Amino acid sequence: MENAEDRIFGAVLLNDWSARDIQKWEYVPLGPFTSKNFCTSISPWIVTMDALQPFRCCPSSGSQQTDPSPLPYLADPLYASSALDLTLQVSLQPAEEQEPAVITSTNAKYLYWNPRQQIVHHSVTGCVMRAGDLLGTGTISGPLPGSQGCLLEMTRDGQQALHIFFPTPTAPVKSLCVDMGDVDSVSGLRIVRRNYLEDGDKVIMTGFGQLEDGFRVGFGCVEGVVLPAHCPSQLIV
């Protein structure tokens with residue numbers, strides 16, 4: 001554990017795109033695999049761990065891990081200052097809209113297991129780690145509505161549509177996950193509904209750390225557009 005962070009060069013924003021219909025089929029008993037191995041997007045530059053040091057903080061869960069308690073090999077003596085206070089946002093821009101709308105805002109400090117612990121766990125049984133390996137933290141979700149890290153959580157597995165309010169020229173963009181029935185507009189705002197992503201949707205992820213004195217470090221953004229399938233009526237094997 002004491003040497004784990006020496007193996008971490010830096011961090012990027014990562015979108016490990018998921019095909020939810022495939023994931024539902026395969027995750028029991030196989031676990032998600034082909035539903036998540038077809039596309040991964042990352043932000044344009046690596047922010048070194050040295051640059052992230054000013055944003056060290058206590059994890060939101062507290063200074064000690066108790067639920068669950070880690071096994072001895074995963075115990076981190078520096079856990080109380082192991083989190084990073086980094087604001088993370090995801091925006092969605094449907095093809096017919098001119099501007100994106102923020103649909104969730106969360107923070108890296110909500111992670112329960114820190115990167116040191118993840119590397120130790122990944123390699124404890126002898127799995128070889130090589131320079132350049134890319135490891136994802138997993139979905140980062142906060143405790144409140146509007147801080148979920150993926151549409152699966154925002155929409156309760158597609159059962160409750162996310163309603164995104166796009167503006168008329170004088171109205172702001174908003175997003176809510178509430179039951180608006182079949183209403184298509186309210187107070188001059190257009191309502192776009194999403195249970196899952198649709199063709200033409202652009203997903204934009206941004207992240208940054210900022211101190212009270214205004215010092216700021218950003219990750220840039222990672223974005224991608226969902227394109228129509230080449231062969232929607234055929235199964236390619």
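Leaving aside its neighbours within four places in sequence, Ser91 is in contact with Pro100, Ala101, Val102, Ile103, Lys202, Val203 and Ile204, where contact means heavy atoms within 4.5 Å. Ser91 is found in strand S7. With a relative accessibility of 12%, Ser91 counts as buried; the cut-offs are under 20% relative accessible area for buried, over 50% for exposed, and partly exposed in between (1.4 Å probe, protein chains only). Thr104 is 13 residues from Ser91 along the chain, and their C-alpha atoms are separated by 7.1 Å.

Before going on, a word about what you're looking at. This is a predicted model, in which local features need pLDDT of at least 70 and side-chain atom pairs count only at pLDDT 80 or more, while totals for chains, interfaces and linings use all residues. Residues are numbered from 1 along each chain as its sequence is written, and side-chain values use heavy atoms, with hydrogens and water left out.

Now step back to the whole chain. The protein chain has 4 helices and 14 strands; helices (H or I, at least four residues) and strands (E, at least two) are DSSP runs, numbered from the N terminus. Of the 237 residues in the protein chain, 34% are buried. Take the contacts with a separation of 6 or more: 62% of them are between residues 24 or more positions apart. Accessible areas here come from the Shrake-Rupley method with a 1.4 Å probe, and for residues only the protein chains shown count as cover.

What sits in the middle? The largest nonpolar core has 30 residues, and those with the most contacts inside it are Leu52, Leu86, Ile103, Leu162, Ile164 and Phe219. Several elements give two or more residues to this core: helix H2 (49–52), strand S7 (87–93), strand S8 (101–107), H4, strand S9 (162–166), strand S13 (202–210) and strand S14 (216–225). A nonpolar core, for the record, is a set of buried Ala, Val, Leu, Ile, Met, Phe, Trp, Tyr and Cys residues joined through side-chain atoms within 4.5 Å.

There's a nonpolar spot on the surface too. Leu71, Tyr73 and Val124 form a nonpolar patch there, with about 260 Å² of accessible area together. Patches are made of residues with over 30% relative accessible area and no salt bridge, with like charges joined within 9 Å and nonpolar side chains (Val, Leu, Ile, Met, Phe, Trp, Tyr) within 5 Å. Val124 belongs to the loop between helix H3 (115–123) and helix H4 (151–154), and is partly exposed at a relative accessible area of 45%.

On to the charges. Side chains of opposite charge can pair when their charged atoms come close. A salt bridge is counted when a side-chain nitrogen of Lys or Arg is within 4 Å of a carboxyl oxygen of Asp or Glu, and the count comes to 9 salt bridges.

One of them joins Lys36 and Asp16, whose closest N and O atoms are 3.2 Å apart. Lys36 lies in the loop between helix H1 (20–26) and strand S3 (40–42) and Asp16 in strand S2 (residues 14–16), so this pair ties together parts that are 20 residues apart in sequence. Lys36 is partly exposed at 24% relative accessibility, and Asp16 is partly exposed at 34%.

The side chains of Arg190 and Glu97 meet in a salt bridge, 2.6 Å from N to O. Arg190 lies in strand S12 (residues 189–194) and Glu97 in the loop between S7 and S8, so the pair ties together parts that are 93 residues apart in sequence. Glu97 counts as buried at 7% relative accessibility, whereas Arg190 is partly exposed at 37%.

Arg194 also has a partner, Glu198, with closest N and O atoms 3.6 Å apart in the salt bridge. Here Arg194 is buried, with a relative accessible area of 6%, while Glu198 is partly exposed at 39%. Salt bridges that share partners also join Glu5, Arg56, Asp76 and Arg116 into one network.

Last, the cysteines. With a disulfide defined as a pair of cysteine sulfur atoms within 2.5 Å, the count comes to 0 disulfides. For Cys57, the nearest cysteine sulfur is that of Cys58, 7.2 Å away. Cys57 is buried at 18% relative accessibility, and Cys221 is partly exposed at 34%.
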